Amino acid sequence: MAFEELLSSWDGEEVIVRYDGPTGSWMLIGVHSTVRGPAMGGTRLNAYARPEEALDDVLRLSAAMTVKQAVADLPYGGGKAVVAVPEVPARASDARRDLLLRYAELVDSLHGTYVTAADMNTGEADMDTIGERTSHVLGRSRDAGGSGDPGASTAVGVFHGIRASVAQAFGSDDLQGRSVLVQGLGSVGSRLAEHLHDAGAELLVADTDHDRVGSLVDRLGAKPVEADEVMGMPCDVFAPCATGGVLTGDTIPSLGCRVVAGAANNQLGAREDADRLRDAGILYAPDYVINAGGVIHLAGFETLGWDEARVSERLEGIGDTLREVFGGAERDGISTAAAADRLAAARISAVT
Ligand code: NAI
């Protein structure tokens, strides 16, 4: 789709576009909503075949941030940015630093309408660089005055979400002996695996990086699963913690689980996949509800002045929010994704 078609079918507030001459990159910032507060969401550094694809990502992802922040009940709206580069510059390179400093100036020029953080291909060190030119950045390193990588908090939130989901599906939140398949053993998945192991779950683990699988097999006695055999694998809970788009008309019929509850963003290929899961008798914990631990960590520690205890309480609250979503879905005969969207809409309209 062309730029004008994409923009005219979007319901957000504004998109800021800058072409970066020195690198031939597009910098796109989507401010989807500032109704509940400044638009907050990560900066994705990625190569795209065409700038329209980058814009499509910004529009979809910024809208998803609006509902995520609302359901997490944070004083933020939804935003997202993409720096669409011809080739992702190497970490710690001068080229990357120069690009991020110019990008930071663009963020700063918005005077806080948009607040950035890390996302795909960006991390703590990049947020430190951005922080040299703007204060509207979360997730800098602790040394630079930030709260660091939020992956550990995301994992704790997903863990509480899995317990709430298991309670809904099986009548008890006890994970002892429950089989949980974790797909993707990165910042979130590896830590989630540890929490699940400590709670007595029977762990199955998959990653395209075999070293990551091997490490959890050795340390936690997890059972390895080949990355391309994840979908049909029998288990109680499937926890996608790698990439989006894993739940589609093609994959859902082969799922061997009773619950899908994991960290990955945009797990559903399309809206109707939530109904497909419901029809298949699979309980789906909506991704943006269960993976809100990251934004709770960033907003809590850096903006709201919360201490560890308060953040932990809010991460545990992800389980309560899911119980509310599951209850609403059951009561009204709708998918859990529709029930989550309804909760987000109610929280947004409550402040207007
Ligand atoms: P990461 O990049 O640290 O780890 C992803 C892992 O998935 C890597 O080990 C990679 O090798 C593996 N992987 C990639 N494709 C795979 C495949 N097809 N099959 C199996 N493994 C595969 O990412 P991180 O930070 O752990 O995030 C995981 C997911 O959670 C992402 O979708 C991310 O957007 C989402 N998320 C992360 C948050 C955070 O705080 N880090 C917050 C909210 C969502």
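Two strands are said to pair if DSSP finds at least two bridges between them, and the strands themselves, like the helices, are DSSP runs numbered from the N terminus, with at least two residues (E) for a strand and at least four (H or I) for a helix. What I am showing is a predicted model, in which local features need pLDDT of at least 70 and side-chain atom pairs count only at pLDDT 80 or more, while totals for chains, interfaces and linings use all residues. Residues are numbered from 1 along each chain as its sequence is written, and side-chain values use heavy atoms, with hydrogens and water left out.

Let me begin with strand S5. Strand S3, residues 39-40, runs parallel to S5 and is joined to it by 2 bridges, with Met40 standing opposite Gly78. Strand S4, residues 43-46, is also parallel to S5, with 4 bridges between them, and here Leu45 has Val83 as its bridge partner. Strand S2, residues 25-33, pairs with S5 in the antiparallel sense over 7 bridges, and Leu28 is partnered there by Val82.

Why is S5 described as largely enclosed by the rest of the structure? The reason is that 8 of the 8 residues in this strand, 77-84, are buried, meaning under 20% relative accessible area with a 1.4 Å probe and protein chains only. In a regular strand, side chains alternate between the two faces of the sheet. In S5 both faces are covered, with Gly77, Gly79, Ala81 and Val83 buried on one side and Gly78, Lys80, Val82 and Ala84 buried on the other.

I turn now to the ligand. It is surrounded by 20 residues, the closest being Thr154, Val188, Asp207, Arg212 and Ala242, where a residue counts if one of its heavy atoms lies within 4 Å. Among the polar contacts, which are pairs of N or O atoms within 3.5 Å, a ligand oxygen lies 2.6 Å from a side-chain N or O atom of Arg212. A polar side-chain atom of Asn265 is 3.0 Å from an oxygen atom of the ligand, and for Ser187 a polar backbone atom is 3.0 Å from a ligand oxygen.

Note on methods
Buried means under 20% relative accessible area, exposed over 50%, partly exposed in between (1.4 Å probe, protein chains only). A polar contact is a pair of N or O atoms within 3.5 Å; within protein, one must be able to donate a hydrogen and the other to accept it, and residues adjacent in sequence count only if both atoms are side-chain atoms.
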